[in-house]
Amino acid sequence: TMDERTRRKIYNCQFYGSIDDTTGRSKLQNKRASLNQQIIKQMRIRAGAENLLKATSNNKVKEMVLLELSYVNSNLQLLMGQLEGLNIKNADTANIPLIALGLKETKEVDFSTHFKDFILQHYSEDGNSYEEEIADLMDLRQACRTPSRNDAGVELLAKYFSHLPLIESRFFSPTHHTGIFFTWYDSFTGVPVCQQNLSLEKASIFFNMAALYSQIGTRSDRQTITGLEEAIASFQIAAGTLNQLKETYTHTPSYDLSPAMLSMLIRLMLAQAQECLFEKIALPGIRNQFCPLMKMAQEAAKVTEIYDQVHQSMIQMPIKDNVPLFWSTMAQIKTNHYRSMAHFFVASALLDHQLGPNDDEDQQEKTLSQVYDNIPEGRTPLDILKKQDERQCVGKAHIRRAIQGHEEALRIYGLCPSLNSLELLHGILKASHQRSLNKYSENEKEDEFPDYTEAPDIVPKTEHKAEMEVPTTTKVKVADFFQRLGPLSVFSSKQRWTAPRTVRVKPEDRDVGFNLKGDAPVQVVSLDPLCPAAADGLKEGDYIVAVGETDCKWLGVTEVLRLLRDAKDEEIEMQVVTMMDSSPSMPTKSATFSGNLPKTYSMICLAYDHDDKNPRSRKVTKKSSFLSWGLKNKLKSASTLSLPTDDHSGSLPWNKPCVYSTVLYPL
């Protein structure tokens, strides 16, 4: 028979999606995890060798350590190359490959022991009774390690992300460490980062959401309009997610989450979205006419401009040392490829479409003038359009620049070993190069003198600019796993609670001696210190968590009153808890500094009245409770909820004893 844990695993596999290790998705993740562990091992060896090198003065030992360091650095380079190679597996197989972000890997986290102890110490409840909820949380996090590459995978990550603020409020106190460590690996270098708070967890899940969107974009069928629209939307949402991550989590220790790296990744996602927009325009076919060709030239130049910005950001330090060579090489290839395409379109428009009597001369002149920032010296747009030799000269100059750009793209392709497996990319680059060569051959004349006119740059322009989109699925509505602890606004990690106490209540003349207020849970106010409930330990400010066998943490005043009314004149037991003082103590030494100037503190004595130390010597006017059902109380009802003050004396401090206390206040 299967144990409960096995049954839960099968259920969650069906609910969250398959996390079987035999799936291709999990195999890829397992390979990345294995490489991360090997990278950690090599980095530890390198750190030890470097420390030994600093400590020793023996030359022979230094030589041995330096030799070992060379081996370790070589191994690290090989491992980084393998980690980089896994990202290429996300490339599309139908068009020019796109770049997908790899998911950040993490270690499994066991919440069980720490959460049970925290529930016992902080909420004074039996942590073992929450095993089911803790197991659900752990299964959800485990499923997030291998999400599917579709909207369901994004929704899974968004679901866990939405649970994190609830978990943080329940269990992560600003003054108390839970002892839970979250370890995430840098997606580029495999270097681990470990923290005890949830900031790294939140940022890493958010990064993985952007990574999933990028993977959805690369896997879209870009041979169809629908697939291209899916890719465009995915890359734009990925850029928006990364931008939101950059603006929200500004102090994450992992380098792949640094502002510089995120800025580069945002540019990369937008560049790929712009590339897909260009493909969408070109997919139905480009009209072989002057103006449409010029328009496509400027669209291609726009893709070139964005990829050139991406490449420039990739080769800046320190991003250069952490970005895979495959990425920077691909950005450089696409910069040259689309620039060459832009020049080819201009050349085709000039060489193949002479200005005829039926053509709109003014329109063509306006179009050509918008394509150039600087027209070749001594020429005007109208001269180029009307004069056959000028038109041929400028057109062939564009073809030469197209050929040079394609040759440069092929040269860069050959320098990157990681691209050797992308035969489709090589085929597209060769075909584009050959098309430009054929165009040049068609317009070359044997008796023509060589012309060294330089083709001007093409002004980038687009009618469909890629923009960041705000993700709509970053947060989803979820049910709090630990709802049984009570309303989060009250029962959170910011407050500590005494153990539940049993208070016996017996109405006297249909009056229990106290009033109630609040939504859920209800709070005791206006307590008569002489009533039986106060004698049994009830305090003003106590929260009622149970009446009889009924849990009252989520009940308002009306429901609790109904339960107490049902008791009539019989004795009934209530479970109450008291909020403990969890505020940090005042500083006792002037050890705080601001702007390199020490703060000073003055000594102020707060005096209290010492007269009449007996709290019961003062006459108390008994207040009517909410359970006095006479005519005079018909108009009384519950009002607003306010946080109570803690009183450990068991009754109101009608005449509080006085002491002198020294308190430090900053000037």
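## Overview

Because this is a predicted model, local features need pLDDT of at least 70 and side-chain atom pairs count only at pLDDT 80 or more, while totals for chains, interfaces and linings use all residues. Residues are numbered from 1 along each chain as its sequence is written, and side-chain values use heavy atoms, with hydrogens and water left out.

The chain holds 17 helices and 14 strands; these are DSSP runs numbered from the N terminus, with helices being H or I of at least four residues and strands E of at least two. Of its 667 residues, 49% are buried. Buried means under 20% relative accessible area, exposed means over 50%, and partly exposed lies in between, using a 1.4 Å probe and protein chains only. Take the contacts (heavy atoms within 4.5 Å) between residues at least 6 apart in sequence: 78% of them join residues at least 24 apart.

## Helix α4 and its buried face

Let's start with α4, which covers residues 112–122. Its buried residues are Ser112, Phe115, Lys116, Phe118, Ile119 and His122. Viewed down the axis of α4, they fall within an arc of 165°, so they line one face of the helix; the arc is taken from the directions from the helix axis to the C-beta atoms.

What do the buried residues of α4 pack against? Their partners are α5 (131–143), α6 (151–171) and β3 (496–497). Just after α4, serine 124 has a positive phi of about 55°. For context, most residues other than glycine have a negative phi.

Helix α9 (residues 259–282) and α10 cross at roughly 160°, and their axes come within 9 Å. Axes here are lines fitted to C-alpha atoms, for helices over the stretch in contact, and angles run from 0 to 180 degrees between N-to-C directions. The angle makes α9 roughly antiparallel to α10; angles over 145 degrees count as roughly antiparallel, under 35 as roughly parallel, 65 to 115 as roughly perpendicular, and the rest as oblique. The crossing of α9 with α10 is left-handed, a term for a near helix turned anticlockwise from the far one by less than a right angle, with clockwise being right-handed. On the α9 side the contact includes Met264, Leu268, Phe278 and Ile281, and on the α10 side Met296, Val303, Ile306 and Val310 are among the residues involved. By class, this contact has 13 nonpolar, four polar and four charged residues. Ala, Val, Leu, Ile, Met, Phe, Trp, Tyr, Cys and Pro count as nonpolar, Asp, Glu, Lys and Arg as charged, and the others, Gly among them, as polar.

Next come α10 (residues 290–314) and α11 (residues 325–352), which pack at about 160° with axes 8 Å apart. That makes α10 roughly antiparallel to α11, and their crossing is left-handed. The contact of α10 with α11 has 20 nonpolar, six polar and three charged residues.

## Helices α11 and α15

Helix α11 also meets α15 (residues 423–442): the axes come within 11 Å and cross at roughly 30°. The two helices are therefore roughly parallel to each other, and α11 passes α15 in a left-handed crossing. Among the residues in contact are Met330, Ile333 and Phe344 of α11, along with Leu425, Ile428 and Leu429 of α15. The contact of α11 with α15 divides into seven nonpolar, four polar and three charged residues.

Tryptophan 184 is part of strand β1 (residues 182–185) and counts as buried at 3% relative accessibility. Leaving out residues up to four places away in sequence, tryptophan 184 touches several others, including Lys104, Arg141, Val191 and Leu200.

Glycine 548 lies in the loop between β7 (543–547) and β8 (550–551). Apart from neighbours within four places in sequence, glycine 548 is in contact with Ile572 and Glu573. Another loop, between β5 (515–517) and β6 (523–525), holds proline 521, which is joined to alanine 520 by a cis peptide bond with omega of about 0°.
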